[in-house]
Amino acid sequence: MSKIARRQFMQLSAVAAAGLVVRPGREAQAQDMPKIEESDPVAQSLKYTHDASAVDPASRANPAADQNCANCALIQGADGDAWRPCQIFPGKLVNSAGWCSVWAPKA
Ligand code: SF4
């Protein structure tokens, strides 16, 4: 192994090890995130609500009564958690029983 290749290997190893160390911290960080408010301007523009059952299914782009954040492709975090991160609202938690107009089915 050349000096440069060895140096690159060591740098990549350090990055990979740092990723392993940081991962538990990221999960803890998600639990510390604030819950999104329905009054949040972005939430309002996307018709976000904490209670998907309050939304008329006929008003949805893909009408279906069983749409909620827990079964949306954009939800993150652990199944079963009442409040979870969402790709649409970075830095905030959404209610697993909630809904917004960006809802997309899981693949
Ligand atoms: Fe919920 Fe999906 Fe909208 Fe995020 S994108 S708020 S998970 S419905």
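1. Overall fold. Please keep in mind that this is a predicted model. The protein chain has two helices and two strands, and along the sequence they come in the pattern α-α-β-β. Of the 107 residues in the protein chain, 27% are buried.

2. Where the ligand sits. Which cavity does the ligand take up? The space taken by the ligand is the largest cavity. Around the ligand you will find Y48, C69, C72, L74, I75, C86, I88, F89, V94, C100 and W103. Sorted by class, this shell has 11 nonpolar residues, no polar ones and no charged ones.

3. Cysteines around the ligand. Several cysteines belong to the ligand's surroundings, among them C69, C72, C86 and C100. How many disulfides are there? A search of the whole structure gives zero. In general, a disulfide is a covalent bond between the sulfur atoms of two cysteines.

4. C72 belongs to the loop between α2 and β1. Its C-alpha atom is separated by 5.7 Å from that of K106, although the two residues are 34 apart along the chain.

5. A salt bridge across the chain. The structure holds two salt bridges. In one of them, the side chains of K92 and D40 meet at 3.2 Å, N to O. This pair links distant parts of the chain, 52 residues apart: K92 is in the loop between β1 (83-85) and β2 (93-95), while D40 is in the loop between α1 (3-32) and α2 (41-45). Are the two partners buried or exposed? K92 is partly exposed, because its relative accessible area is 26%, whereas D40 counts as buried at 15%.

6. The second salt bridge. Here the side chains of R84 and D79 meet at 3.4 Å, N to O. As a reminder, side chains of opposite charge can pair when their charged atoms come close. R84 is buried, with a relative accessible area of 3%, but D79 is exposed, at 64%.

7. A backbone angle to look at. What is the phi of K47? K47 has a positive phi of about 60°, although K47 is not a glycine. You will find K47 in the loop between α2 and β1. With a relative accessible area of 55%, K47 is exposed.

8. One more contact along the chain. S45 lies in helix α2 and counts as exposed, at 53% relative accessibility. How far is the C-alpha atom of S45 from that of S101? The two C-alpha atoms are separated by 8.9 Å, and the residues are 56 apart along the chain.

Technical notes. Residues are numbered from 1 along each chain as its sequence is written. This is a predicted model: local features need pLDDT of at least 70, side-chain atom pairs count only at pLDDT 80 or more; totals for chains, interfaces and linings use all residues. Side-chain values use heavy atoms; hydrogens and water are left out. A salt bridge is a side-chain nitrogen of Lys or Arg within 4 Å of a carboxyl oxygen of Asp or Glu. Helices (H or I, at least four residues) and strands (E, at least two) are DSSP runs, numbered from the N terminus. Buried means under 20% relative accessible area, exposed over 50%, partly exposed in between (1.4 Å probe, protein chains only). A disulfide is a pair of cysteine sulfur atoms within 2.5 Å. A residue is near a molecule or strand if one of its heavy atoms lies within 4 Å of it. On a 1 Å grid over the protein atoms alone, a cavity is a set of points where a 1.4 Å probe fits but cannot get out, and a pocket is an open set with protein on both sides within 12 Å along at least five of seven lines; lining residues have an atom within 4 Å of a point. A molecule sits in a cavity or pocket if more than half of its atoms lie within 2 Å of its grid points. Ala, Val, Leu, Ile, Met, Phe, Trp, Tyr, Cys and Pro count as nonpolar, Asp, Glu, Lys and Arg as charged, and the others, Gly among them, as polar.
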